[in-house]
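Here are some friendly notes to read alongside the structure. Take them in order, with the model open beside you.

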Amino acid sequence: MRPLDIVELAELEEVEVLEPEEDFEQFLLPVINEMREDIASLTREHGRAYLRNRSKLWEMDNMLIQIKTQVEASEESALNHLQNPGDAAEGRAAKRCEKAEEKAKEIAKMAEMLVELVRRIEKSESS
């Protein structure tokens, strides 16, 4: 290294050194406040996302209850037709019973799919 001469010393800028309090107020405090706002915003969004997912789960639960009710009603209807065929309409009752069974199977399959979907959503929420 070579020594600085007088011309080079004159060219060097003076750098203002801030007091610790000024440094904190001027540089760190705005950054800290911005970080607090970001954290608050992320916390609010996390809460909203949780509520949206819970709402979807409640909707699916209600759908499952409706499906179960429909299946039970179909079963009751089919059983009533079998027990009270009337007017020798046993053939019609058998067809209705078959249709009710098919409908019940379809609804049960839909219910299984909804249950699987709920499990996936719950699994994704927990991770």
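1. A definition to begin with: helices are DSSP runs of H or I with at least four residues, strands are DSSP runs of E with at least two, and both are numbered from the N terminus. On that basis the chain has three helices and zero strands. Read from the N terminus, the order of elements is α-α-α.

2. Please keep in mind that this is a predicted model. The mean pLDDT of the chain is 77, and 74% of the residues reach at least 70. Which helix has the lowest confidence in the chain, and which the highest? Helix α1 (residues 6-11) is lowest, with a mean of 56, while α2 is highest, at 83.

3. Now for the chain as a whole. Of its 127 residues, 13% count as buried. The accessible surface is about 11400 Å², and carbon and sulfur atoms account for 55% of that. Looking at contacts between residues at least 6 apart in sequence, 64% link residues at least 24 apart.

4. The largest nonpolar core has 10 residues: L57, M60, I67, V71, A104, I107, A111, L114, V118 and I121. Two elements, α2 and α3 (90-126), each give two or more residues to this core. The biggest share, six residues, comes from α3. As background, nonpolar side chains tend to be buried together in soluble globular proteins.

5. Which residues does I67 contact, leaving aside its neighbours within four places in sequence? The contacts are I107, M110, A111 and L114.

6. L117 belongs to helix α3. L117 counts as partly exposed because its relative accessibility is 37%, which falls between the 20% and 50% cut-offs.

7. Is S74 buried or exposed? S74 is buried, because its relative accessible area is 16%, under the 20% cut-off. This residue sits in helix α2 (residues 20-83). Setting aside residues up to four places away in sequence, S74 touches A100 and K103.

8. On the surface, F27, L28 and I32 form a nonpolar patch, and together they have about 260 Å² of accessible area. Of these, I32 is placed in helix α2. I32 is partly exposed, with a relative accessibility of 32%.

9. How many salt bridges are there? The count comes to three. In general, side chains of opposite charge can pair when their charged atoms come close. One of the bridges joins E116 and R120, whose closest N and O atoms are 3.7 Å apart. Because these two residues are four apart in helix α3, about one helical turn separates E116 from R120. E116 is partly exposed at 35% relative accessible area, whereas R120 is exposed at 54%. Elsewhere, salt bridges with shared partners join E45, R48 and R52 into one network.

10. The side chain of E45 meets that of R48 in a salt bridge of 3.3 Å, N to O. Both residues lie in helix α2, three residues apart, or about one turn of the helix. E45 also forms a salt bridge with R52, with 3.1 Å between the closest N and O atoms. E45 is partly exposed at 35% relative accessibility, and so are R48 at 42% and R52 at 43%.

Conventions:
Residues are numbered from 1 along each chain as its sequence is written. This is a predicted model: local features need pLDDT of at least 70, side-chain atom pairs count only at pLDDT 80 or more; totals for chains, interfaces and linings use all residues. Side-chain values use heavy atoms; hydrogens and water are left out. Buried means under 20% relative accessible area, exposed over 50%, partly exposed in between (1.4 Å probe, protein chains only). Contact means heavy atoms within 4.5 Å. A nonpolar core is a set of buried Ala, Val, Leu, Ile, Met, Phe, Trp, Tyr and Cys residues joined through side-chain atoms within 4.5 Å. Patches are made of residues with over 30% relative accessible area and no salt bridge: like charges are joined within 9 Å, nonpolar side chains (Val, Leu, Ile, Met, Phe, Trp, Tyr) within 5 Å. Accessible areas come from the Shrake-Rupley method with a 1.4 Å probe; for residues, only the protein chains shown count as cover. A salt bridge is a side-chain nitrogen of Lys or Arg within 4 Å of a carboxyl oxygen of Asp or Glu. pLDDT is the predictor's confidence in each residue, from 0 to 100.
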